[in-house]
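Reader: I've got this one open on my screen and I'd like to know what the labels rest on. Can you take me through them?

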Amino acid sequence: MAASAQHASKFARYMNSETGPKTVHFWAPVFKWALVIAGINDIQRPVEKLSGTQQIALFCTGAIWTRWAGFVIRPRNMLLASVNFFLGGVAGYQIIRIVNYRRDLGENPAQVFKYLVNGDPTKQLEAVKVEASA
């Protein structure tokens, strides 16, 4: 009996804690998992359709917030740290896919970096032409 009462009190403490399900500190990471799931689904997407700038932004967000949520901010929010860790991991994998694809096309590292940061200039030119004709 004493063990179940103790267990119930731990559960009750969690429910009412600063990172429990009654707070935004719980629900924000839960909804952020949608970004991780979308990134995992993008693994099936052709690499030439991935956005390098988007993946860099997701990777940086994941890396920065993993550190802050898990190690700097008190109280620690391990749910937020874990979702950001996986967000950075999925985005990092996509960046590696983009880099390998561009290297296989014969580009040097400077060209690959420029592509990651700026995107494909031919697609940008096509978008400008479409806007001008509309």
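This is a predicted model: local features need pLDDT of at least 70, side-chain atom pairs count only at pLDDT 80 or more; totals for chains, interfaces and linings use all residues.

Reader: What makes a residue count as buried here?

Author: Buried means under 20% relative accessible area. Glu-107 and Arg-102 are both in that class.

Reader: Why is the contact between Glu-107 and Arg-102 called a salt bridge?

Author: The cut-off is a side-chain nitrogen of Lys or Arg within 4 Å of a carboxyl oxygen of Asp or Glu. For Arg-102 and Glu-107 the N to O distance is 2.6 Å, so the pair qualifies.

Reader: How many salt bridges turn up in the whole structure?

Author: Searching the whole structure gives one.

Reader: Why is Ile-64 called partly exposed?

Author: Its relative accessible area is 46%. Buried is under 20% and exposed is over 50%, with partly exposed in between, so Ile-64 lands in the middle class.

Reader: Where does Ile-64 sit, and what patch is it part of?

Author: Ile-64 lies in helix α3, which covers residues 52-72. Together with Trp-65, Trp-68, Phe-71, Val-72 and Ile-73, Ile-64 makes up a nonpolar surface patch with about 570 Å² of accessible area.

Key
Residues are numbered from 1 along each chain as its sequence is written. Side-chain values use heavy atoms; hydrogens and water are left out. Patches are made of residues with over 30% relative accessible area and no salt bridge: like charges are joined within 9 Å, nonpolar side chains (Val, Leu, Ile, Met, Phe, Trp, Tyr) within 5 Å. Accessible areas come from the Shrake-Rupley method with a 1.4 Å probe; for residues, only the protein chains shown count as cover. Helices (H or I, at least four residues) and strands (E, at least two) are DSSP runs, numbered from the N terminus. Buried means under 20% relative accessible area, exposed over 50%, partly exposed in between (1.4 Å probe, protein chains only).
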